[in-house]
Amino acid sequence: MSHPSPDLPADLEWVRAAPDDAEGPGPWIEIAFGPGDTVHLRETGTPEQVVTTTRAKWEAFVLGVQAGEFDHFVEDCSGEDRSVEDRPVENSSGEDRSVEDR
């Protein structure tokens, strides 16, 4: 049995990044927003291993994922062009902006 890190707040609300209809234990990534600007990430298979970052860094990462900046880490089976140049990215204010604007 694993135990959470004593450095983490005990009342974190972990949200699983899985489709609503997903069954089984995963493995899935879970995220919890902590006090201040902390953001915690863990994998369901090893919940005692937690990565902590800031909200600003988390939001920059999410924008990068949305912009396709990490697509090269995933094998492309579709044969589609996965270029991110000039693709619009919606920021937290709801405005579209190109990758170059970031």
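Tutor: A residue counts as buried under 20% relative accessible area, as exposed over 50%, and as partly exposed in between (1.4 Å probe, protein chains only). The model is predicted, so local features need pLDDT of at least 70 and side-chain atom pairs pLDDT 80 or more, while totals for chains, interfaces and linings use all residues. Numbering starts from 1 along each chain as its sequence is written, and side-chain values use heavy atoms, without hydrogens and water.

Student: Why is arginine 55 called partly exposed?

Tutor: Its relative accessibility is 32%. That value lies between the 20% and 50% limits, so arginine 55 is partly exposed. Arginine 55 belongs to helix H1; its C-alpha atom is 5.2 Å from that of aspartate 37, 18 residues away along the chain.

Student: What elements does the protein have?

Tutor: It has one helix and six strands, in the order β-β-β-β-α-β-β from the N terminus. Helices (H or I, at least four residues) and strands (E, at least two) are DSSP runs, numbered from the N terminus. Of the 102 residues in the protein, 22% are buried.

Student: How do you know that the length of H1 agrees with its residue count?

Tutor: The expected span is 1.5 Å times one less than the number of residues. For the twelve residues of H1 this comes to 16 Å, and the end C-alpha atoms are 16 Å apart, so the two agree. Trp58, Leu63 and Gly64 are the buried residues of H1. Glycine 68, with a positive phi near 85°, follows the helix.

Student: What makes glutamate 30 and arginine 16 a salt bridge?

Tutor: The term requires a side-chain nitrogen of Lys or Arg within 4 Å of a carboxyl oxygen of Asp or Glu. Glutamate 30 and arginine 16 have an N to O distance of 3.2 Å, so the pair qualifies. Glutamate 30 is in strand S2 (residues 29-33) and arginine 16 in strand S1 (residues 15-17), so the bridge ties together parts 14 residues apart in sequence.

Student: Which salt bridge does arginine 42 make?

Tutor: Arginine 42 meets glutamate 30 at 2.6 Å, N to O. This pair links strand S3 (residues 38-43), which holds arginine 42, with strand S2, which holds glutamate 30, twelve residues apart. The search of the whole structure finds two salt bridges, and Arg16, Glu30 and Arg42 are linked in a network.

Student: What makes arginine 42 a charge over the ring of tryptophan 14?

Tutor: The rule asks for NZ of Lys or CZ of Arg within 6 Å of the ring centre and within 35 degrees of the ring normal. The charged end of arginine 42 sits over the ring of tryptophan 14, 3.9 Å from its centre.

Student: How many aromatic pairs does the whole structure have, and why is the pair of phenylalanine 61 and phenylalanine 70 called tilted?

Tutor: The search finds three aromatic pairs. Phenylalanine 61 and phenylalanine 70 lie 5.2 Å apart, centre to centre, with 45° between the planes. Rings of Phe, Tyr and Trp (its six-membered ring) pair if their centres lie within 6.5 Å; planes under 30 degrees apart count as stacked, over 60 as edge-to-face and the rest as tilted. The angle of 45° is in that remaining range, so the pair is tilted.
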